[in-house]
Amino acid sequence: MSEELQLHEQGEKIFVSIRLRPLQDKARNRICDWECVNNDTIVFKNSLPERSMFPAAYTFDRVFDSESNTIQVYEEGAKHIALSVLEASIFAYGQTSSGKTYTMRGITEYAVSDIYDCIERQEERDFVVKFCAMEIYNEAVRDLLSPDSYPLRVLDDPERGTVVEKLTEVALRDRDHLHELLTICEAQRQIGETALNETSSRSHQILRLTIESSAREYAGAGNSSILAASVNFVDLAGSERASQTSAAGTRLKEGCHINRSLLTLGTVIRKLSKGRTGHVPYRDSKLTRILQNALGGNARTAIICTMSPERIHVEQSRNTLLFAKCAREVRTNAQVNLIMSDKALVKQLQRELARLEKEMRSLGSASVKGDTAGVLREKEKLIGQ
Ligand code: ADP
Ligand code: MG
């Protein structure tokens, strides 16, 4: 992937696109009020009386009309983010049944395929690809790769940032292995859905792929650092929850109806869109804690906002566009692609050194074997370098 290694300017914007779902069969005779007039502008073309209260045209990085297919959405709206060899995140945002899951399934598949193509082209490096998957429902984080459904704790790690404790991480054998795991995740998600009504529209799913690579032939300490990149694929809960709960104050009392993660995501995006002044409440929800880096930190981000075209959904569609407008103002700060830095490597070697020293002490200084001492000297030399 080295040809794609690049340092990005500070303050890169989130890449925001809109995807209009086709009218559904049973709704064929209904009217679609939205039209993508070109590559980046969507227009509300209907003549409802209250029309004048809202802007008619909305411009984004890219808009996809209902004719476009997912490969196009991927190629033009997500690929450059997914393959940027950094911490990257791709979100789908929109009301229930607007096409988030449909879109993310395709995007994940195309991205994985491209990532593996990249890996196979890189003969001089060794790759380890790891995968984990989680679902956040009612502020409980569940491992989608484990049959246990107990909630996992979210912890702060001084080195790695926010981590989900005991989350299963699987090192992938090949792309087929990933497909197997994706099937497991989907099944797990469906089990939840039948157990708890409506789970899928109220839960967030995060799939995370981590790609670590190291030079195949050891060529001195300079080349020994491990490059790591990760991609998060995020299928968010239906956005109608957020707007309903914030619009009707009474609902806030009904604990189970509040999607705290989605509300907080909205607040975080709004705050970030106004520049990074003041407090950004990442810590108010599990979703924003886990994705803090993706939202305002060291990451490249794309958001695909999906819209239902039917007139009955016009209010939700407008809310989606407002969210998308806000998201477009957010600047992330992606610049580092070395996840295991030389500093971390030195730390790792120091730990190894300490371990060897301990081993030696337990053997007793008299019985120190020449080769152990040799390894130790080698390590010390490495750290020095
Ligand atoms: P969400 O995840 O936002 O609730 P889904 O992805 O489940 O919505 O989509 C709802 C329905 O619409 C599904 O049956 C899906 O197959 C269909 N659908 C969504 N987007 C498209 C699209 N772009 N083209 C064709 N069918 C779509
Ligand atoms: Mg869905």
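## Overall architecture

The protein contains 12 helices and 16 strands, taken as DSSP runs (H or I of at least four residues for helices, E of at least two for strands) and numbered from the N terminus. This is a predicted model, in which local features need pLDDT of at least 70 and side-chain atom pairs count only at pLDDT 80 or more, while totals for chains, interfaces and linings use all residues. Residues are numbered from 1 along each chain as its sequence is written, chains are lettered from A and ligands numbered from 1 in the order in which they are written, and side-chain values use heavy atoms, with hydrogens and water left out.

Of the 385 residues, 49% count as buried; the term denotes under 20% relative accessible area, against over 50% for exposed and partly exposed in between, with a 1.4 Å probe and protein chains only. The accessible surface amounts to about 19,400 Å², and carbon and sulfur atoms hold 50% of this area, as computed by the Shrake-Rupley method with a 1.4 Å probe, where for residues only the protein chains shown count as cover. Among contacts with a separation of 6 or more, 72% are between residues 24 or more positions apart, a contact being heavy atoms within 4.5 Å.

## The ligand site

The surroundings of ligand 1 (residues with a heavy atom within 4 Å of it) include Arg-19, Arg-21, Pro-22 and Gln-24, together with the run from Gln-95 to Tyr-102, namely Gln-95, Thr-96, Ser-97, Ser-98, Gly-99, Lys-100, Thr-101 and Tyr-102. Helix 3 (residues 100-121) gives the largest share of this shell, three residues.

Oxygen atoms of ligand 1 lie 2.6 Å from a polar backbone atom of Ser-97, 2.8 Å from a polar side-chain atom of Lys-100 and 2.8 Å from a backbone N or O atom of Tyr-102. The protein covers 67% of the 560 Å² of accessible area that ligand 1 has on its own.

## Thr-70 in helix 1

Thr-70 belongs to helix 1 (residues 70-77) and is buried, with a relative accessible area of 9%. Its side chain makes a polar contact of 3.2 Å with the side chain of Arg-19. Such a contact is a pair of N or O atoms within 3.5 Å; within protein, one must be able to donate a hydrogen and the other to accept it, and residues adjacent in sequence count only if both atoms are side-chain atoms.

Leaving aside residues up to four places away in sequence, Thr-70 touches Arg-19, Tyr-102, Thr-103, Gly-106, Ile-107 and Tyr-110.

## Strand 8 and its partners

Strand 8 (residues 125-137) is mostly covered, with 10 of its 13 residues buried. Strands count as paired if DSSP finds at least two bridges between them. Strand 8 runs antiparallel to strand 13 (residues 204-215), joined by 12 bridges, and Ala-133 stands opposite Leu-207 in strand 13.

Strand 8 also pairs in the antiparallel sense with strand 12 (residues 170-171) over two bridges, where Lys-130 has Ala-171 as its bridge partner. Four bridges link strand 8 to the antiparallel strand 9 (residues 140-143), with Tyr-137 partnered by Ala-140. The hairpin of strand 8 and strand 9 has two residues between the strands, and Asn-138 there takes a positive phi near 50 degrees.

Strand 3 and strand 4 (residues 41-44) share three bridges, and Trp-34 stands opposite Phe-44.

Strand 10 (residues 154-157) and strand 11 (residues 161-164) run antiparallel and are joined by four bridges. The hairpin between strand 10 and strand 11 passes through three residues, and Asp-156 stands opposite Thr-162 in strand 11.
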